[in-house]
Amino acid sequence: MDTFLFLNNKPVRAKIIDYSLQGIGAFIFDVPLLPKGALVHSDNPLLSCPGEIIRAEKAGSGLMVGIKKKGDIKGSIKDYRLSDTLIGLQRSQLTGPLKFISGDITKSIFIRNGEMIFSASSLEQDRLGDMLMQKGRITDIQYNNAVTEMKKTGQRLGQVLVRLRYITHEELYNAVRHHVEKIILSLFGFEDGLFEFIEYRLPVKEIITLKMSTANLIYHGIKSINDFNILRKDMPPMQTALHFSSDPADLYQNIILDQAGKKVISCIDNNASIKDIIQSTKLDRLEVLKTVCALLNARIISLAQDLDLPEELIKDFIEEIVEDSGPVMDPGVRKLMEDMYRRYENLGYYGVLGVKENASPHEIKRAYYKTAKQFHPDMHFLFADDSLKKKLSTIFAYSYEAYSTLLNPQKRREYDRTISLKATGI
């Protein structure tokens, strides 16, 4: 996307390469040098507030730069995909409310350490009591009685409904979860409006907290859209071949696929196009397109192919993701994670990946994917408390550091020299 950036109020021509909530990556034309820390601004909505140059590399006659926003995280719903926003907040592990305003409608997602835990809406039909009445779980009289009790006691509706024995604790939990998910899923149909994230510590005692998979909500949120015009902007040409993401952070997420998702996933082989998949699955065309859009937004699949991605890993992934078995966390697995966290630095790059010092690039890559999957924070989000999640994130990041170092011949030689000197006590 071509745009203009302003450096010291002077416009320079630039091309935005990628973007996130935190900033943009861009190529600036005909600028030979730019110091880190330099401030820039732009009229482009992807950089709606001042930004700071945090990375600048010479590239031809210009510069490749990374620009970090300095203001609040906010923007137009038209300019940022909701999936990118949710994934960006998740991986930044930020805490606070994410508010969406479209016309006179306001909806909010409450996020703690990157995970969605609650939601709220200004729409009457989105209220918990109205939803329970619509589903026939409570009557009008019971609802009115509960509202009267709420005013007397100051308790929340759910607490009153349980105390009056109109619903059980289990029914309340399931109803709240469905209610929260319904509000979040409805946001994927928003075409216009604004969003804003304000980082601050949430009043946990005042908010019912749920654990919900970001990738899973993105997938099913996109699948809930029936207007193809909304999906069209994210849909690649029908002849496009689909590939699995080569980034374990994207590939190994917690997601439960519907039958269409399992069929589409089973057809992806680095050669099959979207058109081929429609023919192979014999599914409705719109259903396949919605599924492909959902998988792309969740970043499970990609349009870019990694030729070095081990085929056996892909086969294992397909077999696992099409199974219906849910995540499991037994005491032995937790002990393994805690033990790895205590030892990962002493193990070093080879040890954390579980390979020998003469391991081939193929062996290193396979070991990295195995380790990344085992310690991916998202794979265990239902069971991991905040402390364990941070430990898993640390192991995951160190595994990537080991992988990227050992696959780079020069960096690997330098690392080998370093551990050799340590071994000799120098």
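In what order do the five strands of the open sheet run? The order is E7-E11-E8-E9-E10, and the pairing is antiparallel.

Before I go on, some ground rules. This is a predicted model, in which local features need pLDDT of at least 70, side-chain atom pairs count only at pLDDT 80 or more, and totals for chains, interfaces and linings use all residues. Residues are numbered from 1 along each chain as its sequence is written, and side-chain values use heavy atoms, with hydrogens and water left out.

Now the terms. Helices (H or I, at least four residues) and strands (E, at least two) are DSSP runs, numbered from the N terminus. Two strands count as paired if DSSP finds at least two bridges between them.

For angles, axes are lines fitted to C-alpha atoms, for helices over the stretch in contact, and values run from 0 to 180 degrees between N-to-C directions.

Inside the sheet, strand E8 (residues 96–102) is joined to strand E11 (residues 194–197) by four bridges, and the two run antiparallel. Lys 99 stands opposite Glu 196 in E11.

Two helices pack on this sheet. Helix H1 (residues 82–92) touches E7, E8, strand E9 (105–112), E10 and E11, and its direction makes about 165° with that of E8. Helix H5 (residues 169–186) touches E9 and E10, and its direction makes about 85° with that of E10. Contact here means heavy atoms within 4.5 Å.

Next, the barrel. A closed barrel of six strands runs E1-E2-E3-E6-E5-E4, with antiparallel pairing. The twist from one strand to the next averages 45°.

I will go through some of the pairs. Strand E1 (residues 2–7) is joined to E2 by six bridges, with Thr 3 opposite Ala 14 in E2. The hairpin of E1 and E2 has two residues between the strands, and in it Asn 8 takes a positive phi near 55°. Strand E2 (residues 10–20) pairs with strand E3 (residues 23–28) over six bridges, and here Ala 14 stands opposite Ile 28 in E3.

Strand E5 and strand E6 (residues 62–69) share eight bridges, and Ala 59 stands opposite Gly 62 in E6. Their hairpin also has two residues between the strands, and Gly 60 takes a positive phi near 65°. Strand E4 (residues 39–42) is joined to strand E5 (residues 51–59) by two bridges, with Val 40 opposite Gly 51 in E5. E1 and E4 pair over three bridges, and the bridge partner of Leu 5 in E4 is Ser 42.

Then the helix pairs. Helix H12 (residues 311–321) and helix H14 (residues 361–374) pack at an angle of about 20°, with their axes 11 Å apart. That makes H12 roughly parallel to H14. Angles under 35 degrees count as roughly parallel, over 145 as roughly antiparallel, 65 to 115 as roughly perpendicular and the rest as oblique. The contact is made by Glu 312, Leu 313, Asp 316 and Glu 320 of H12 with His 362, Arg 366, Tyr 369 and Lys 373 of H14. By class, that contact has two nonpolar, one polar and five charged residues. Ala, Val, Leu, Ile, Met, Phe, Trp, Tyr, Cys and Pro count as nonpolar, Asp, Glu, Lys and Arg as charged, and the others, Gly among them, as polar.

H14 also packs with helix H15 (residues 386–406), at an angle of about 175° and with axes 10 Å apart. The two helices are therefore roughly antiparallel to each other. Ile 364, Lys 365, Tyr 368, Thr 371 and Ala 372 in H14 meet Phe 396, Ser 399, Tyr 400, Tyr 403 and Leu 406 in H15. This contact divides into seven nonpolar, two polar and one charged.

One more residue to look at is Tyr 143, found in helix H3 (residues 140–153). Leaving aside neighbours within four places in sequence, Tyr 143 is in contact with Gly 129, Asp 130, Met 133, Ile 138 and Leu 157. Tyr 143 and Val 160 are 17 residues apart in sequence and 9.8 Å apart in space, C-alpha to C-alpha.
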